[in-house]
Amino acid sequence: MATMSFLCRAAAFSLRASRSNAVRAYSAGGQYQHLLVEKKGEQKNVGFIQLNRPKALNALCDALMKELGQALDLFVDDPTVGAIVLTGSEKAFAAGADIKEMEKKTFQDCYTENFLSHWNCVATAQKPVIAAVNGYALGGGCELAMMCDIIYAGEKAQFGQPEILLGTIPGAGGTQRLTKAVGKSLAMEMVLTGDRISAQEAKAAGLVSKVYPVAQVVEEAIKCGEKIASNSKLITAMAKEAVNGAFELTLAEGNRLEKHLFHSTFSTNDRKEGMSAFLEKRKANFTDQ
């Protein structure tokens with residue numbers, strides 16, 4: 001028993017040390033192989049993750065996606081961070097999944113490994129994630145952007161699901177999220193032809209919320225993150241859960257979820273503070289409680 005207790009303590013210490021090293025890594029500007037990770041904003045309350053495989057146009061290899069999951073976990077666990085911005089380069093947000101990694105996979109490999117399942121870490125992050133998209137967002141890159149909660153696009157961005165041209169189909173939510181965002185006709189056209197749409201077309205279709213000049217899109221995404229981070233992180237998480245419910249539930253079920261979460265806010269200190277501040281005509285001091 002003593003040995004087991006020691007091993008448990010040692011494992012816990014190792015986990016804390018590993019996380020501490022990772023925290024130091026992003027606070028120092030990031031020491032990942034395929035990412036640049038730091039905090040942004042005047043209050044350093046916005047997590048910033050930049051995909052960094054420039055020679056491969058930020059193709060989403062397995063190592064990159066595992067690092068992305070680790071970086072997201074750190075920011076979600078960081079009480080000073082209220083929102084996260086995910087971006088690539090001016091040339092490519094992400095040009096797709098890494099074809100070199102996928103080319104030799106068999107059905108058995110994909111099924112046994114549950115291939116691409118860990119990509120969903122972006123969609124399930126409790127804190128809001130804002131995609132700042134410049135250049136190519138194709139295939140897995142488009143799917144990655146759609147996993148985020150908000151998409152800001154540079155005016156030269158291009159979105160597409162060209163998997164059909166490779167003899168396959170989207171496998172990380174492309175057929176599902178794209179259809180919910182832009183409707184059946186446009187989604188079907190994009191998936192069946194592999195054609196791309198521009199940032200302006202994406203905004204008109206409802207895929208992105210705003211389009212900015214290339215040099216401004218990241219800055220604007222960070223500003224949006226700062227606005228979000230100024231609110232209660234607890235209430236923000238509830239609001240995110242409610243909106244996401246609209247994509248997964250019937251209207252009746254979604255309304256029930258919303259009502260339950262709305263009622264739940266009345267048990268929080270931040271709801272009391274927010275309403276008191278409004279009535280007293282002052283700025284609210286949220287404590288995430």
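How far apart are the end C-alpha atoms of helix H11 (residues 233-248), and what span should its 16 residues have at 1.5 Å a residue? I noted first that this is a predicted model, in which local features need pLDDT of at least 70, side-chain atom pairs count only at pLDDT 80 or more, and totals for chains, interfaces and linings use all residues. Residues are numbered from 1 along each chain as its sequence is written, and side-chain values use heavy atoms, with hydrogens and water left out.

I found the end C-alpha atoms of H11 to be 23 Å apart, which agrees with the 22 Å that its 16 residues should span; the expected span is 1.5 Å times one less than the number of residues. Helices (H or I, at least four residues) and strands (E, at least two) are DSSP runs, numbered from the N terminus.

I then looked up burial in H11, and listed Thr236, Ala237, Met238, Lys240 and Gly245 as buried (under 20% relative accessible area, 1.4 Å probe, protein chains only). These buried residues pack against helix H5 (121-124), H10 and helix H12 (251-265), where contact means heavy atoms within 4.5 Å.

For H10 (residues 217-229), I recorded 13 residues and a reach of 18 Å from the first C-alpha to the last, close to the 18 Å expected. Its buried residues include Val217, Glu220, Ala221 and Cys224.

For the whole protein, I noted 13 helices and 10 strands, with buried residues making up 40% of the 289 residues.

Technical notes: Buried means under 20% relative accessible area, exposed over 50%, partly exposed in between (1.4 Å probe, protein chains only).
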